[in-house]
Amino acid sequence: MNNLLCRSIILLFLSFVFLLPGRAQQTLAYQNLMLQTGDLIFVGAKSDQLSGAINRVTQREENASFDHVGILEVSDETVFVLHASPKKGSVREPLDSLVSDSAEKGKQLAVYRLSEETRHCIPEAISTAKSLLGKPYNWSYVLNDTSLYCSDFVERAFRSASLFHLEPMTFKNPLTGKTDLYWAEFYQKLGMEVPEGKPGCNPNGLAASPNLKKLGDLVLAP
C-alpha cells in the first residue's frame with residue numbers, strides 16, 4: 001500500500017512538472033525523432049522552379065538549403081504543423097500531410113529546436129500562430145498584414161520574443177550579382193518591381209539563427 005502511494009505521488013509530481021509553462025514541452029516519438037511542441041520543421045529545397053529560386057538567393061550554409069518552414073505542435077498522440085502553405089494558406093494540419101507531400105517531391109525534412117534559454121516563449125508563439133490561421137499565402141513576399149509566406153508566419157509567431165529578425169531581402173543570384181532570372185520573370189508576371197532591399201525573412205535565414213540547434217533529419221518511412 002505504501003509503495004503504491006509513493007508511486008502515485010511520484011507520477012503526480014512528474015505530471016505537474018511537465019505541465020509547468022517553460023519547463024517542458026509536450027513530446028512525441030515520430031519516425032526517428034522525439035518531437036516537441038515549438039520545434040521548427042524545415043523542408044529541403046530542390047534545384048529547380050520556385051524551390052531552387054528561393055534557395056539560390058538565400059542559402060547561407062553548404063549543408064542547409066531550405067525553401068519552407070513550419071512550427072510543430074504536439075497534441076495528444078498527433079503532431080501538427082502550423083505553417084503558411086502555398087497551396088492551402090495559413091493552416092494547422094497533421095505533420096503526416098507535409099511528410100507525404102515532401103516524400104512525393106523527393107524533399108528532405110530537418111527539425112530544429114529552440115535553445116533552452118528561449119523555450120519559455122513557445123506557448124505564446126503557438127497561440128500567436130493560431131491567431132494567424134486562415135490568412136492566404138503571400139505570393140509577393142512583400143510584408144503585409146493580410147497574407148503570409150512561410151518564414152513570415154514563423155517570424156511573426158515568435159516576434160514578441162525577438163527570436164528572429166527581419167533583414168533586407170535580396171533576389172540577386174550570388175554567382176552573377178544580378179537579379180536572378182526566375183525572380184525577374186516572377187515579378188514581371190505580377191506586374192511589380194522586384195522588391196530588392198525590402199524587409200523580410202526566409203527559411204535559410206531562420207535556420208541560421210543562434211537560437212536554434214538542429215535536432216536531426218526526419219527519416220521518411222517508405
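Ring pairs join Tyr137, Trp139, Tyr141, Tyr149, Phe171, Tyr182, Trp183, Phe186 and Tyr187 into a cluster. Rings of Phe, Tyr and Trp (its six-membered ring) pair if their centres lie within 6.5 Å; planes under 30 degrees apart count as stacked, over 60 as edge-to-face and the rest as tilted. The model is predicted: local features need pLDDT of at least 70 and side-chain atom pairs count only at pLDDT 80 or more, while totals for chains, interfaces and linings use all residues. Residues are numbered from 1 along each chain as its sequence is written, and side-chain values use heavy atoms, with hydrogens and water left out.

By the ring rule, the count comes to 16 aromatic pairs. The rings of Phe66 and Tyr112 have centres 6.1 Å apart and planes at 90 degrees, so this pair is edge-to-face. It links distant parts of the chain, with Phe66 in strand β4 and Tyr112 in strand β7, 46 residues apart. Helices (H or I, at least four residues) and strands (E, at least two) are DSSP runs, numbered from the N terminus. Both Phe66 and Tyr112 are buried; buried means under 20% relative accessible area, exposed over 50%, and partly exposed in between (1.4 Å probe, protein chains only).

Three members of the cluster, Trp183, Phe186 and Tyr187, are buried in helix α6 (residues 181-190). They cover an arc of only 85 degrees around the axis, which puts them on the same side of α6; the arc is that of the directions from the helix axis to the C-beta atoms. The face turned away from this buried side carries the exposed residues Leu181, Gln188 and Lys189. At the start of α6, a side-chain oxygen of Asp180 reaches to within 3.0 Å of the backbone nitrogen of Tyr182. Just after the helix, Gly191 takes a positive phi of about 70 degrees.

In helix α3 (residues 95-104), the residues Leu95, Leu98, Val99 and Ser102 are buried. Seen down the axis of α3, its buried residues fall within an arc of 100 degrees, so they line one face of the helix. Gly106 follows α3 and has a positive phi, near 70 degrees.

Strand β3 (residues 40-44) has five of its five residues buried, so the strand is largely enclosed by the rest of the structure. In a regular strand the side chains alternate between the two faces of the sheet. Leu40, Phe42 and Gly44 point one way from β3, and Ile41 and Val43 the other way.

Thr37 is found in the loop between β2 (33-36) and β3. This residue is buried, with a relative accessible area of 8%. Thr37 and Val74 are 37 residues apart in sequence and 5.1 Å apart in space, C-alpha to C-alpha. A polar atom of the Thr37 side chain lies 2.9 Å from the backbone nitrogen of Val74.

Note on methods:
A polar contact is a pair of N or O atoms within 3.5 Å; within protein, one must be able to donate a hydrogen and the other to accept it, and residues adjacent in sequence count only if both atoms are side-chain atoms.
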